[in-house]
Amino acid sequence: KEVSKPIFVKIRLLNTIKETIKLCRDLKNAGASLIAIHARYRASFERKGAGARDGAAMLDQIVEVKKALGPDFPIIANGNVITYDDVVNNMEISSADGIMSAEGILDNPALFLPRHGNDRKASIEIAVPAGLPSAKPGADQKKKRKLAKKLREIETIEAKAKTSSHLLTKEQKEKIATKDTIANVIAQMERDESTKNSSSAPNVTNVPLKDLLEIADDKTSMANEYLDLASTYPTTMRTTIFHTRRILKIELGEYQLMEECTASKSIDDIRDVIAKVVKYQNDPASFTFDLAKAKKDKVALAKKKLEEGKRKRYEGRMMRKAKREGRSDLEYYLRQGAAVPTVEEIDMLCSLSYEGQLKAWKANDHSQHCMGYHLEEGGCKRDRACAFLHVDAIGKNTFHETDEVAG
C-alpha cells in the first residue's frame with residue numbers, strides 16, 4: 001500500500017516446511033506480489049546432501065508452499081536448472097508459476113530461448129529498457145558509488161562494535177556520526193533516478209528468431225553479444241570477465257586462455273581473447289598446446305585443493321570449539337577474521353612497521369589469513385605447514401567460481 005511498484009521477494013527454505021509456509025504467508029500478507037523460492041537451505045558449513053549449497057534442490061517443498069498460498073499467488077521455483085528440459089520438468093514437478101535460473105543461465109544465457117520454438121521465419125518482440133546509464137558513468141553515479149562504499153564501511157564498523165569488544169577510534173566515531181546524512185543523500189539520488197527512469201518508456205523492437213538461434217548455437221557469438229551489452233550498459237571489469245568466463249568456460253580451458261581472459265583490462269582485451277578462440281576453432285593446427293603452462297596450471301590447482309582441505313579442517317576445529325563452549329551459533333568463530341585483504345591494503349601495510357602491520361591486520365578482520373603470506377619477502381616460510389589461510393589478495397578483477405556475481 002505504501003509503494004506503487006510490485007514487490008518481489010526471493011527466499012531460501014527454512015528448517016521445516018511449516019516454517020517456510022509461515023514465512024511465505026507473512027510475506028504475502030505484508031504486501032509481496034510474488035515470491036521466488038530457492039529450494040535449498042541457508043548456506044551452512046555443516047549442512048550436507050539434499051537442500052545444501054551443493055546438493056539437489058528440494059522442489060517438492062515448493063509444491064506444499066504453492067498449495068498453502070493458493071492458485072492466485074505467483075510462486076517462482078529456483079534450483080536444479082541446467083537445460084531447457086529442466087525448465088519444463090521443474091515446472092511440472094514444483095507446480096510453480098515460473099522458473100528462475102542462476103548457475104545454469106550463467107553458463108548458457110540462451111537457456112530459455114527454446115520456449116519460442118524453432119520457426120526460423122518468426123520474430124520476437126523485445127522491450128529494451130530506456131533511461132539506463134551511458135557507456136561512461138556520470139558524476140552522479142560515481143558520487144553515489146563512493147557514498148555507498150562509505151556507508152558499507154560504517155556498517156562494518158558498527159557490526160564489529162556490536163559483536164566484539166572492539167573499541168571505536170575517534171575517526172571511526174566521526175564516520176558513524178555521518179551515517180544518517182550519507183543514507184539520506186543516497187536515498188534522494190535514488191528517488192531522482194527513479195523519477196528519471198520512470199518517465200522513459202521502453203523501446204520495443206522485433207528480432208528475427210533465426211538470428212537469436214544462430215547466436216545461441218555459437219558460444220563465441222554469444223560472448224561477443226554480451227560484451228556489446230556490457231559496453232552499452234557498463235559494469236565493472238571483474239563482472240564482465242566473470243560472465244565471459246562462464247559463457248566460454250570450456251573453450252577458454254581447451255585453448256589455455258583462461259588466465260589471459262582473467263588478466264584483461266578492458267572489453268577490447270576480452271574481445272581479443274575471444275578472437276583467438278575463434279581462430280583456433282577455425283584452424284585447429286594454429287593452436288599449440290603449452291606443456292609448461294599446463295604444468296603451472298596443475299600446480300595452481302593442487303595448491304587450491306590444499307587450501308580448500310586446510311579450510312575444511314579449520315572449519316571443523318572452530319565448530320568444535322563453539323560447541324565445547326555451548327554456543328548455539330556453531331559458525332560464530334568462522335565469521336571472526338574471515339575478510340580477505342585487498343591489493344590496496346597490502347600495498348599500504350608494506351609501509352608500516354611489524355607492530356603496525358599486526359595491529360591493522362587484526363583491526364581489518366584478517367586474523368584467519370596468514371600475514372606472512374602477503375607481507376614477508378618470498379611469502380610464508382611455513383608454506384604447507386602454516387595453519388593460517390593462504391588466499392591471494394583481492395584485486396579489481398579477482399573472483400572465485402563460487403561468486404554469485406549475477407545475483
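Strand E1 (residues 8-13) and strand E2 (residues 34-41) run parallel and are joined by 6 bridges. Helices (H or I, at least four residues) and strands (E, at least two) are DSSP runs, numbered from the N terminus, and two strands pair if DSSP finds at least two bridges between them. This is a predicted model, in which local features need pLDDT of at least 70 and side-chain atom pairs count only at pLDDT 80 or more, while totals for chains, interfaces and linings use all residues. Residues are numbered from 1 along each chain as its sequence is written, and side-chain values use heavy atoms, with hydrogens and water left out.

Phe8 has Leu34 as its bridge partner in E2. Between E1 and E2 the chain passes through helix H1 (residues 17-29), a β-α-β crossover that is right-handed; with the strands pointing away from the viewer, the path from the first strand over the helix to the second runs clockwise. E2 is in turn joined to strand E3 by 4 bridges, again in parallel, and His38 stands opposite Asn78 of E3. E3 also pairs with strand E4 (residues 98-100), in the parallel sense over 3 bridges, with Asn78 opposite Met100. E3, helix H3 (residues 84-94) and E4 make a right-handed β-α-β unit.

In a regular strand the side chains alternate between the two faces of the sheet. In E3 (residues 75-78), Ile75 and Ala77 point one way and Ile76 and Asn78 the other way, and all are buried (under 20% relative accessible area; exposed is over 50%, partly exposed in between, with a 1.4 Å probe and protein chains only).

The largest nonpolar core has 26 residues, of which Leu113, Leu252 and Leu257 touch the most other members. Such a core is a set of buried Ala, Val, Leu, Ile, Met, Phe, Trp, Tyr and Cys residues joined through side-chain atoms within 4.5 Å. Helices H8 (209-216), H9 (219-232), H10 (237-247) and H13 (267-282) each give two or more residues to this core, and H13 gives the most, with 6 residues. Apart from this core lies another of 24 residues, among them Ala57, Val65, Phe73 and Leu111.

Aromatic pairs number 4 in the whole structure, counted where ring centres of Phe, Tyr and Trp (its six-membered ring) lie within 6.5 Å; planes under 30 degrees apart are stacked, over 60 edge-to-face and the rest tilted. Tyr255 and Phe287 pair edge-to-face, at 5.2 Å centre to centre and 80° between the planes. Tyr255 lies in the loop between H11 (249-254) and H12 (258-262) and Phe287 in the loop between H13 and H14 (291-324), so the pair ties together parts 32 residues apart in sequence.
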